[in-house]
Amino acid sequence: MTDTAAASELPDSRPASHGHTQGSLAKLTLGAIGVVFGDIGTSPLYAFRETFAGHHPLTLDEIHIYGVLSLVFWSMMLVVTLKYVMILMRADNKGEGGSLALLALISRSGSGGSGGKRRWTAGIVLLGVFACALFYGDSMITPAISVLGAVEGLMVIETSLEPLVVPIAVVILVGLFLIQKAGTARVGILFGPVVTIYFATIAVLGTMSIMRDPTVLWALNPYYAVNFFFIDGWKAFLALGSVVLAVTGAEALYADMGHFGRRPIRTAWIYFVLPALMLNYLGQGVLLIGDPEAIQNPFYRLAPDWFRLPLVIVATLAAIIASQAVISGAFSVTQQAIQLGFIPRLSIQHTSAAAAGQIYIPVINWALMVMVILLVLFFQNSSNLAAAYGIAVTGAMLIDTCLLTVVLFSLWKWKPWIAVPLLALFYVVDTAYFAANLTKVPDGGWFPLLIGLVAFTLLTTWARGRQLMLARMREASMPVEIFVKSAANSATRVPGTAVFMTTSPDGVPHSLLHNLKHNKVLHERVMLLTVRIEDEPFIPDNERAEMTSLGSGFYRLVLRYGFMQDSDVPAALKQVESCGPEFKMMDTSFFLARQTLLTGGSKPGMALWREKLFSWMLRNAESAMEFFKLPPNRVVELGSQVEI
C-alpha cells in the first residue's frame, strides 16, 4: 500500500510515465530496481527461514518445503504481479500511486454524490487513513529487520561474532538517520547498480543450488500449495504468517509509480526481480532438502565459505538502501498527509534543488530513529522481529483490496462477472494472510497495531478538529460584501498591499477584522488569500491562481496546489496580474490569524481528551509563515480564540 519509498534519489520522471525512449526506460528501470524493490528484495534474508524455524515450526521434509515454495511463488504471482503490477498500478491519480493518492482520487469521484454516497465515501476515507497509519508501524520495522537480517550473516562466518551483531546494526541505523538531513542525491546514483548486483548475486547462488536438484522446479506447481493444506491444514494456515514476509514491500511498486512510471517498474519486476527472488527461494529449498541443519541461516549457507563475507557486505548495503527507501517513503507520505489535511503543518526541508521529491522532515526522522533503535534493542534478532512484521503489511494489503473494489465498480465500471471473481480471489488471499498474522499478536504483532492505532488517532483527531474549527470560524464570519461597503468608506487607507490569509474562501478573515479594530487603517490594496490543496498531485502554474475583484481595492485570491507540491506563496504572487501594480515584497504585509483553542466549551464537537490532543497539535504545528515561505520581516500575527 503504502507509499514505501519516495524515490527521491533520482530526477523527477513524471513525463516519462507516458512514453519512454529505450535509453530512458533502461535508466528508469535501473533506478526503480534500486529504490522500489529494496524491501521485497531483502525478504530472502529471513522469510524462508522463518516459515520453518519461526514461532510455528514446520517439519523439514520434501512435502513441506515444496508446499512452502509453491505458496511463495503463487503469493508473488497473485499479490504482487496480478493485484499490484497488473491492476492497481492502472489506478493512478494523475500519475501518482499509493494509498493516499488513490484515496484522494476516490474522494474526488465521490464528493459530488448524494448524502448516502458521501457517507459511504467517508468510510472509505477512514480505511485509507488507517492504511496510512499502519504504514508508520511498517516503516519502523523494515529498517530494523532488514539490517539485522543482513548483519546476522556474520554469525554464519564466525559464531563468536554474535555479540557484535546488535551493536553493528545500531551503528549502521543511527548513521543512516543522521545522514538524512544532507540528502542522498550523491549516493542515490549508486542505489540501482548496488541492488542490481545484489539481485544478480542471489539469483546466481540460487541457480547453483538448483542445479544440484532441478526437480525442485516442480514446486512451482500450485498442486503442492493445495496439497500442503490438505495434509496439514492448520500448520499451512499458520505458515502463511511467515510466507507473507516474501511479499512485504509489494505496495512500494504502486507507491513509487509517480516517480518512475508504470512501465519501468513492471519491466523490472517481471523480467529481473521476480526471477531473481524465486531462483533464490528455490535454491534455499534444495539446500534444506539436502541439509536440514542449514535452517539456521539458509540465505548465507547457499554461498561457499570464501564468498560469505562479500555476501554479508552486499546484503547489508541492499538492506541499508531498502531502509533508505522506507525512510524516504515516510517523508513522502507525511508530506501528502499534511497537504490533504490529516497531519498538522511540519517543517519540510528540501535536500536537492533538482529533485522535487527529495525532502527531509526532522520530526519524522528522529521519531523513526528512536523507534527503530528501540525495536532492535528490544527484539535483539530478525527472527523475533519477524513476529512483529506482517500484520501492518497484510492489513494495508487488505485495505488496498477494499479501495480497489471501489475503483473497479465506481470509477472503472467493470462488469460484475469479471470484477467479482477477481475481487473474491484477492479477498480470500488477503484475509487468509491477515488472519494468519493475527496469531502473531502476542509475540510482537501488537507493536505495529499499537503504532497504527496511535497514528490513526492523531490523523483523525487533526482532520476532525480542523473541520470543526473551520466550521465555527465560518459561523462567526461577516459577509465580505457588507464589510467592503462599510469599511471602504469609513477606514483610512494607507499605501501598500495587505495580504490576509484565510482558510475559508467565504466571509471576512478574523485577522482583517482584528487589524481594523486595533489599527483603524486599511491598505490601498487588500488581498484575501486562500491556499487550497486539491485532490490531485500537481496543478500547473497557469491554473494556479483564481482572482476575483470585490471592488474598492479589495480582491479575493485562491491559490491552488497539488498534494505533492510546495505552497510557495511569494513565488505565486509574483505571477499574479490583473489586480493593480506588481507585488513587491517590501511593500506587502502578510497578516495571519493564530488561533488559540478553548476546550470543554458548550459545543461538544469531540470528546474532551480529543479536543485537548487537537489543541496540543495546533500549538506545535509549524507556523503558516514558514510553511507558506513568507518573508519573516513582512508577517504580522494576530491572535484569536476558537471554541470547538
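A nonpolar core here is a set of buried Ala, Val, Leu, Ile, Met, Phe, Trp, Tyr and Cys residues joined through side-chain atoms within 4.5 Å. Please keep in mind that this is a predicted model.

With that in hand, we can turn to the core itself. The largest nonpolar core has 182 residues, and the members that touch the most others are Phe37, Met76, Phe199, Trp269, Tyr281 and Val569. Helix H6, residues 115-151, gives the most to this core, contributing 16 residues. Another core, of 15 residues, lies apart from it; Val484, Ala498, Phe500 and Leu512 are among its members.

Which residues does valine 569 touch, not counting those up to four places away in sequence? They are Met501, Leu529, Val531, Leu559, Tyr561, Phe590, Phe628 and Leu630.

Next comes a helix pair. Helix H4 (residues 62-87) packs with helix H19 (residues 391-411) at an angle of about 40°, and their axes are 12 Å apart. Because of that angle, H4 is oblique to H19. The crossing in which H4 passes H19 is left-handed. On the H4 side the contact is made by Val79, Lys83, Tyr84 and Ile87, while H19 brings Met397, Asp400, Thr401 and Leu404. Sorted by class, the contact of H4 with H19 has 5 nonpolar, 1 polar and 2 charged residues.

Two single residues are worth a visit as well. Is leucine 618 buried or exposed? Leucine 618 has a relative accessible area of 17%, under the 20% cut-off, so it is buried. Leucine 618 sits in helix H25, residues 608-620. Setting aside neighbours within four places in sequence, leucine 618 is in contact with Trp462, Met469, Gln595 and Leu597.

Arginine 301 belongs to helix H15, residues 298-301. Its relative accessible area is 27%, which lies between the 20% and 50% cut-offs, so arginine 301 is partly exposed. Beyond its neighbours within four places in sequence, arginine 301 is in contact with Val156, Leu287, Glu293, Ala294, Gln296 and Arg308.

For a sense of distance, here are two residue pairs, with separations taken from C-alpha to C-alpha.

| Pair | Apart in sequence | C-alpha to C-alpha |
|---|---|---|
| Leucine 618 and leucine 176 | 442 residues | 31 Å |
| Arginine 301 and tryptophan 616 | 315 residues | 52 Å |

Definitions and conventions
Residues are numbered from 1 along each chain as its sequence is written. This is a predicted model: local features need pLDDT of at least 70, side-chain atom pairs count only at pLDDT 80 or more; totals for chains, interfaces and linings use all residues. Side-chain values use heavy atoms; hydrogens and water are left out. Axes are lines fitted to C-alpha atoms, for helices over the stretch in contact, and angles run from 0 to 180 degrees between N-to-C directions. Helices (H or I, at least four residues) and strands (E, at least two) are DSSP runs, numbered from the N terminus. Angles under 35 degrees count as roughly parallel, over 145 as roughly antiparallel, 65 to 115 as roughly perpendicular and the rest as oblique. A crossing is left-handed if the near helix is turned anticlockwise from the far one by less than a right angle, and right-handed if clockwise. Contact means heavy atoms within 4.5 Å. Ala, Val, Leu, Ile, Met, Phe, Trp, Tyr, Cys and Pro count as nonpolar, Asp, Glu, Lys and Arg as charged, and the others, Gly among them, as polar. Buried means under 20% relative accessible area, exposed over 50%, partly exposed in between (1.4 Å probe, protein chains only).
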